[in-house]
Amino acid sequence: MKPQNYDGLFLAAGFLACWEILHLLVGADVVSAPADTLLRAVSLLKGRNFWHDAASTGIAFGYACLIGIAGGMLLGLALGLSRFAGDVADPILGTVYSIPKITLYPIILLIFGLSLTAKIAFGVIHGIFPVAIFTMNAVRNVAPVHRRTAKALRLSPMATVVTVLAPAAIPEILSGIRIGIAVTLLGILIAELFASSSGIGFALIRATELHSVVDIFALTLLLFLFAVAINTLLHLTERRVRHDA
Amino acid sequence: MNLRLTKVGLARTAVVIGAFAALEILCRTAVIPRATMIPPTEIAVALWQILVSGKANSDIAFTIVNTLAAIALSIVLGFWLGAALHAVPRARRAFEPLLSAYYAVPVFIFYPVLIVAFGVGRSALIAMGAMFGIVAMIVNTMIGLDRVPRVIAKTATVMRLSPLRRLLLLRLPAAAPHLVTGVKLAVAYSVIGIVAGEFILATAGIGKRIAFGYQDFDNRTMYGMLLLLLILVMVVNGGLSHWEKRLHRRFGQQ
């Protein structure tokens, strides 16, 4: 375990060194220095504007995750429990999942207008499909012997879902939720970059238009750290659930 | 089995056609106003007119050339990086968490950084597309090389092949099914990166045309180009999925 930790540190140090060298090579108006960027990130965190944008992004992200996960799980459960419906829907879901959803944002904007709702809707169409696909497969892949055991024990349908199906399917569903949350964040940020009036993505595009390199790097760094933190948290949860199950 | 398959296929066709028919009716009866969406049949006609007039040809070519460049970059670099990491387990262990978390980070947030570095234009878009695609290729290359049967490595030793020939002549074909999975994902991700880039800030391209149509209230152009993009993506994706399935079947599950 120990040497692995050191490897991580080496990696981080190497990354910072490359960044610094790149900065020295191409200059501060293209790549800002790591130290400057960190200082700017800290000062952003202290300012009120940043938190206004972060709250705007956070609210949209939260709602989109809730709707996407709930909707995706319901859809996946419905399609997973019926073999026929699952067979019919499987390739359709796969195709819809693979199209670049950014192209659909103008349609969302035409429907909902330039609003929080549009942002949430765009996040939802990103997140709902991976959750639905993983849930569907999780329910379909529950070993037949588990179902037969439930039948042999004469469990009620409710008890079957709670004590047999759920524990067997939840680890896989959690993988879907992890991916769903990641792409929902991507969706919200792309929506803000393309057209919005507040949010971290909006701050990022404003910094780009003002050619404020250090702001761009600081915001990117903060978003990066936020995404990594969420992903790590979900990974840990997933691992715990897998151990318990 | 066969009967069931056709039944599933029929139901699927019915679902898709039904969805389009419902959309058509909703648009025709103005439940969905024209300002929001034009009927699907009109979208098809609009696309046909755009293609015949040739006014979007340069944008279409711009996007296709950039996408091909990004795909080529991510596949070639991704394969070599994947092979290199596979050869050095220690480096691989260090990079593994980074690679597995990569797609959890909205990589697209680096686009402004790329614009600062390359300026608005082809290079920034190609770099964005390659950044999206390359990690899928790296990861799948490593998975593919992991699954190469030991007997093939032994054969290489018996034949005294150099490491490079061993990689290219034996392990590359043996890992082919997983490499195709990597290629499929790299293509899908590169397209997303490039079209998203064109949407946000670019000088030309299909994505730029769609965004421009939206800002101009030009629904015929917007929906027409959207349809074109969806058709292109579905055809390429369907073709690659088909190829992938065939390879997996041929090489069996190892």
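Colleague: Why are helix 3 of chain A and helix 4 of chain A called oblique to each other?

Modeller: In this predicted model, helix 3 (residues 48–81) of chain A packs against helix 4 of chain A at an angle of about 120 degrees. Angles of 65 to 115 count as roughly perpendicular and those over 145 as roughly antiparallel, and the rest here is oblique. The two helices are therefore oblique to each other. Their axes are 5 Å apart.

Colleague: Which residues make the contact of these two helices?

Modeller: Helix 3 of chain A contributes Ala78(A), Leu79(A) and Gly80(A), while helix 4 of chain A contributes Ala85(A), Gly86(A) and Ala89(A). By class, this contact has four nonpolar, two polar and no charged residues. Gly counts as polar.

Colleague: What makes helix 3 of chain B and helix 10 of chain B oblique to each other?

Modeller: The axes of helix 3 (residues 57–87) of chain B and helix 10 (residues 206–215) of chain B cross at roughly 130 degrees and come within 7 Å. That angle falls between the roughly perpendicular limit of 115 and the antiparallel limit of 145, and the pair is therefore oblique.

Colleague: Which residues meet there?

Modeller: On helix 3 of chain B they are Asp59(B), Ile60(B) and Thr63(B); on helix 10 of chain B they are Ile206(B), Gly207(B), Lys208(B) and Arg209(B). This contact divides into two nonpolar, two polar and three charged residues.

Colleague: How do you know whether Phe62(B) is buried or exposed?

Modeller: Phe62(B), a residue of helix 3 of chain B, has 23 C-beta neighbours inside 10 Å. The cut-off for a buried residue is 20 or more, so Phe62(B) counts as buried. Leaving out residues up to four places away in sequence, Phe62(B) touches Ala204(B) and Gly205(B). The C-alpha atoms of Phe62(B) and Ile206(B) are separated by 8.0 Å, although the two residues are 144 residues apart along the chain.

Colleague: How many residues does each chain give to the contact between chain A and chain B?

Modeller: Chain A gives 40 residues and chain B gives 41 residues. Several helices of chain A give two or more residues to that side, including helix 1 (2–26) and helix 8 (157–194). Helix 10 of chain A gives the most, with nine residues.

Colleague: What classes of residue form the side of chain A that touches chain B?

Modeller: That side has 30 nonpolar, eight polar and two charged residues.

Key. Residues are numbered from 1 along each chain as its sequence is written. Chains are lettered from A and ligands numbered from 1 in the order in which they are written. This is a predicted model: local features need pLDDT of at least 70, side-chain atom pairs count only at pLDDT 80 or more; totals for chains, interfaces and linings use all residues. Two residues are in contact if their C-beta atoms, placed from the backbone, lie within 7 Å. Helices (H or I, at least four residues) and strands (E, at least two) are DSSP runs, numbered from the N terminus. Axes are lines fitted to C-alpha atoms, for helices over the stretch in contact, and angles run from 0 to 180 degrees between N-to-C directions. Angles under 35 degrees count as roughly parallel, over 145 as roughly antiparallel, 65 to 115 as roughly perpendicular and the rest as oblique. A residue is buried if 20 or more other C-beta atoms lie within 10 Å of its own, exposed if 12 or fewer, and partly exposed in between; C-beta atoms are placed from the backbone.
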